[in-house]
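Trainee: Let us go through this model term by term. I want each label set against its definition.

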Amino acid sequence: MGTARSRRIATVWVLISLTIAVFIGVMGRALYPTALTTSADAENVFILLSTNLLPPLIAGFVMAGILAATISSSDSYLLIAASAFAKNIYQGLFRKKASDREVLNISRLTLLLIAIVAIIIALDENSVIFTIVSFAWAGFGATFGPLMLFSLFWKRTTRAGAIAGMLGGAGMVFVWNLLVRPLGGIWDIYELLPAFIFSCLCIVVVSLLSPKPSQEIEREFEEVKAMGKK
């Protein structure tokens with residue numbers, strides 16, 4: 001399957017899923033305007049519509065689908081986070097000679113700690129899943145988004161610039177969300193935008209101030225770029 005065809009399929013699927021999500025929200029607001037008065041209640045609109053409009057058996061399948069999608073996503077994120085910390089941070093930075101058994105134990109411990117934090121967040125009845133997810137995606141986007149783009153389109157990107165971009169983007173997400181955005185007014189901007197811009201600036205400035213990549217890396221960059229044009 002070609003890249004262009006894959007891109008079209010992905011775009012069409014995103015449009016369909018987002019359109020249906022918006023339609024469900026609008027329909028829920030129109031049918032039950034008094035039942036969805038808070039942000040936390042609004043997240044249950046799909047469950048409310050299913051239990052009130054569908055036969056019990058069909059509603060049960062729909063509820064099972066929601067639970068299956070939730071479990072499918074959550075277990076993947078938990079495993080990825082735990083393995084990434086154990087392999088890339090613990091073994092990669094602190095104990096390069098750590099045994100496989102030690103890495104496995106650290107991965108299990110990390111998984112347990114993340115699950116405990118998730119349970120604590122879930123116990124808050126006023127917490128809004130959308131707010132938490134949007135903050136998390138802002139962190140992902142500002143940390144890795146600029147780096148991916150610069151790595152693909154600017155061969156002057158250096159290792160130091162990449163690290164500075166990731167740290168700067170991740171830090172700015174917290175700074176903007178906790179310190180700047182509460183000021184309101186023109187500062188009430190989704191933290192992804194300013195953090196993304198700041199990460200880009202960090203990559204450019206630090207890359208220009210640090211030694212340029214080796215000729216081998218630049219040659220590999222040009223080869224990959226030429227392959228992409230074919």
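**Labels and their cut-offs**

Trainee: Does Arg 181 count as buried, exposed or partly exposed, and why?

Mentor: Partly exposed, because its relative accessibility is 27%. Buried means under 20% relative accessible area, exposed over 50%, partly exposed in between, with a 1.4 Å probe and protein chains only. One caution: this is a predicted model, where local features need pLDDT of at least 70, side-chain atom pairs count only at pLDDT 80 or more, and totals for chains, interfaces and linings use all residues. Residues are numbered from 1 along each chain as its sequence is written, and side-chain values use heavy atoms, with hydrogens and water left out.

Trainee: What is the mean pLDDT of the chain?

Mentor: It is 85, and 95% of the residues reach 70 or more. The term pLDDT is the predictor's confidence in each residue, from 0 to 100. Confidence is lowest in helix α2 (residues 39-42), with a mean of 72, and highest in α8, at 94. Helices are DSSP runs of H or I with at least four residues, strands are E runs of at least two, and numbering starts at the N terminus.

Trainee: Why is the pair Arg 181 and Asp 188 called a salt bridge?

Mentor: The definition asks for a side-chain nitrogen of Lys or Arg within 4 Å of a carboxyl oxygen of Asp or Glu. Here N to O is 2.9 Å, so the pair qualifies. Asp 188 is partly exposed, at 46%.

Trainee: What makes up the largest nonpolar core?

Mentor: Seven residues: Ala 138, Ala 142, Met 172, Val 173, Trp 176, Val 180 and Ala 195. Such a core is a set of buried Ala, Val, Leu, Ile, Met, Phe, Trp, Tyr and Cys residues joined through side-chain atoms within 4.5 Å. Helices α6 (129-153) and α7 each supply at least two of its residues. The largest share, four residues, comes from α7.

Trainee: Which residues does Ala 195 contact, leaving aside neighbours within four places in sequence?

Mentor: Ala 142, Gly 169, Met 172 and Val 173. Contact means heavy atoms within 4.5 Å.

Trainee: Is Ser 207 buried or exposed?

Mentor: Buried, because its relative accessible area is 0%. Ser 207 is in helix α8. Beyond four places in sequence, Ser 207 touches Trp 154, Arg 156, Thr 157, Thr 158, Gly 161 and Cys 202. A polar atom of its side chain lies 3.3 Å from the backbone nitrogen of Thr 158.

Notes
A polar contact is a pair of N or O atoms within 3.5 Å; within protein, one must be able to donate a hydrogen and the other to accept it, and residues adjacent in sequence count only if both atoms are side-chain atoms.
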